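Subject: Structure for your review

Dear colleague,

Please find below the structure that I am handing over to you. My findings follow it, and I would be grateful if you read them with the structure open.

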Amino acid sequence: MKVLKSLFVLLFFISLASPVNASTVLMPDLYTKEEESILEENNETFQYRDQLITDMVLIENLKLEDLSDFVIQNEKWIQDVNSRLESYIYNQSDNKFEQSEALKDLLDEVSQNVSVSSSNVYVFSTFSLSTVNEYFYSHIYHLRNNYWTYSLDPKLSVRVLDFAANLAWSELKTIYIGIQIDNGSLYDQYMCHKQLVVEKVWDLERWVPNVGYLGVLSSLCNPHLRY
């Protein structure tokens, strides 16, 4: 009787170990085609992001005194990086605030891979209250040469990439009421400094004439000295 019982137990475990008939039960694939497509898209996004970070690290590691020559010699490459950055950020969101946050996240990751040259950073007076964020080494609103002035020390990505510069400007509008109500003069000075790529600190004077961008450019970003 014990032998017979043992035989039944053995047959039971053998039946558990036997393969299931494939014609009766179909095992699902590891991923559906839709899931595979999402995985591929995510992988491409990560690769896209990684390349952007690599390119922006290259920009941020430049010395400020070399920036003008770099911009002239690499105009097409810079346009390509700017285009890819804009595409990446717009894919994250069409909301301006969320776009800025996405770019700041990117810049924060870039900064972790950058060895900033001390020559790139302007040190304002220790008696001044200057502020730093992802777009600027520092920015301050103060009285300078009898003009109330926004003095900015942008990071190199902001100096080089139009898309980063525009989102950095949007960030300044959330900080300074005077920039929020700008009649166009401050923004023209801001973009003029970016285009000329010559000055370490971008000084934007309030209450200067709004002479249009070409007027600002022809006055080397200082319309109050010419008009």
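By class, how many residues in the lining of the largest pocket are nonpolar, polar and charged? The lining has five nonpolar, four charged and three polar residues. Please bear in mind throughout that this is a predicted model.

**The pocket**

The volume of the largest pocket is about 240 Å³. Its lining includes Val 71, Glu 75, Ile 78, Gln 79 and Asn 82, and also Arg 159, Val 160, Leu 161 and Asp 162. Lys 194, Gln 195 and Val 197 belong to the lining as well. Two or more lining residues are given by each of helix H4 (75-92), helix H6 (156-160) and helix H9 (185-196). H4 provides the largest share, four residues.

**Helix H4**

H4 consists of 18 residues, and from its first C-alpha to its last it reaches 26 Å, close to the 26 Å expected at 1.5 Å a residue. Which residues of H4 are buried? They are Ile 78, Val 81, Asn 82, Arg 84, Leu 85, Tyr 88 and Ile 89. These residues lie on the same side of H4 because they cover an arc of only 165° around the axis. Lys 76 and Asn 91, on the other side of H4, are exposed.

**The strands**

Strand S1 (residues 136-144) and S2 run antiparallel and are joined by eight bridges. Phe 136 has Pro 154 in S2 as its bridge partner. S1 and S2 form a hairpin with two residues between them, and Asn 145 in the turn has a positive phi of about 50°.

Strand S2 (residues 147-154) is also joined to S3, by four bridges, and these two strands run antiparallel. Here Thr 149 stands opposite Glu 205 in S3, while Ser 151 has Asp 203 in S3 as its bridge partner.

Why is S2 described as largely enclosed by the rest of the structure? The reason is that six of the eight residues of S2 are buried. In strand S3 (residues 202-205), both faces are covered. Trp 202 and Leu 204 on one side are buried, and so are Asp 203 and Glu 205 on the other.

Yours sincerely,

A colleague

Note on methods: Residues numbered from 1 in each chain as written. Predicted model: local features only at pLDDT ≥ 70, side-chain atom pairs only at ≥ 80, totals over all residues. Heavy atoms only, no water. 1 Å grid on protein atoms, 1.4 Å probe; cavity = no way out; pocket = protein on both sides within 12 Å on 5 of 7 lines; lining within 4 Å. Points joined across faces, edges and corners; volume = space filled by probe spheres on them. Nonpolar A, V, L, I, M, F, W, Y, C, P; charged D, E, K, R; others polar. Expected span 1.5 Å × (residues − 1). Buried < 20%, exposed > 50% of the residue type's maximum accessible area, 1.4 Å probe, protein only. Arc of directions from axis to C-beta. Pairing = 2+ DSSP bridges.
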